[in-house]
Amino acid sequence: MTSDPWFAPKAYGYGASPANWKGWLATAGFCTAHAIAAFILIGWSGANRQPETWQWVLFLGLEALLILGFVWLVRVKMAGEWRWRWGSAR
């Protein structure tokens, strides 16, 4: 557990949600990085051109790294443990 948690466990289900401005900033940066990667590698092919195979491969590899990095950051900066939550009913 971290002393200044950026993320808090969700009340129901699996995962976490931003707990303060640092968590929201990290989430916004994650979404922005996805959009930039998509625009540069997939959307920059020209008006009527399809992206090349290498662009898709590079894009998907970068997406995998972004997702793994963000999940790692959330787990490190989260208050509490990472597990499934049923809510207060159980």
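Which residues make a nonpolar surface patch of about 400 Å²? I found that Y14, W84 and W86 make the patch. For patches, I took residues with over 30% relative accessible area and no salt bridge, joining like charges within 9 Å and nonpolar side chains (Val, Leu, Ile, Met, Phe, Trp, Tyr) within 5 Å.

**Ground rules**

I am working with a predicted model, where local features need pLDDT of at least 70, side-chain atom pairs count only at pLDDT 80 or more, and totals for chains, interfaces and linings use all residues. I number residues from 1 along each chain as its sequence is written, and my side-chain values use heavy atoms, with hydrogens and water left out.

**Overall layout**

I counted two helices and two strands in the chain. Reading from the N terminus, I get the order β-β-α-α. Both kinds of element are DSSP runs numbered from the N terminus: helices are H or I with at least four residues, strands are E with at least two.

I then checked burial, and 27% of the 90 residues count as buried. My cut-offs are under 20% relative accessible area for buried, over 50% for exposed and partly exposed in between, with a 1.4 Å probe and protein chains only.

Among contacts with a separation of 6 or more, I see 55% between residues 24 or more positions apart. A contact here means heavy atoms within 4.5 Å.

**Helix α2**

I looked up the length of α2 next: its 24 residues reach 35 Å from the first C-alpha to the last, close to the 34 Å expected at 1.5 Å a residue. The expected span is 1.5 Å times one less than the number of residues.

Which residues of α2 are buried? My list reads Q55, F59, E63, F70, L73 and V74.

I put L66 down as partly exposed, at 22% relative accessibility. Beyond its neighbours within four places in sequence, L66 is in contact with F30, A33 and H34. I also took the C-alpha separation of L66 and F30, which is 7.4 Å for residues 36 apart along the chain.

**Aromatic pairs**

How many aromatic pairs does a search of the whole structure find? I got five. Rings of Phe, Tyr and Trp (its six-membered ring) pair if their centres lie within 6.5 Å; planes under 30 degrees apart are stacked, over 60 edge-to-face and the rest tilted.

One of the pairs I wrote down is F7 with F70, edge-to-face at 6.0 Å centre to centre and 90° between the planes. This pair links distant parts of the chain, with F7 in strand β1 and F70 in helix α2, 63 residues apart. I checked the burial of both: F7 is buried at 2% relative accessible area, and F70 counts as buried at 16%.

My next entry is Y14 with W82, edge-to-face at 5.5 Å centre to centre and 90° between the planes. This pair too links distant parts: Y14 is in the loop between β1 and β2, W82 in the segment after α2, 68 residues apart. Y14 is partly exposed at 45%, and W82 is partly exposed at 21%.

I also noted that F7, F30 and F70 form one aromatic cluster.

**Salt bridges**

I searched for salt bridges, meaning a side-chain nitrogen of Lys or Arg within 4 Å of a carboxyl oxygen of Asp or Glu, and the structure holds two.

The D4 and K22 bridge has its closest N and O atoms 2.6 Å apart. D4 lies in the segment before β1 and K22 in helix α1, so this pair ties together parts 18 residues apart in sequence. I logged D4 as partly exposed at 33% and K22 as partly exposed at 26%.

R83 bridges to E81, with the closest N and O atoms 3.2 Å apart. I have R83 as partly exposed, with a relative accessible area of 40%.

How values were computed. Areas by Shrake-Rupley, 256 points an atom, 1.4 Å probe, with all protein chains shown as cover.
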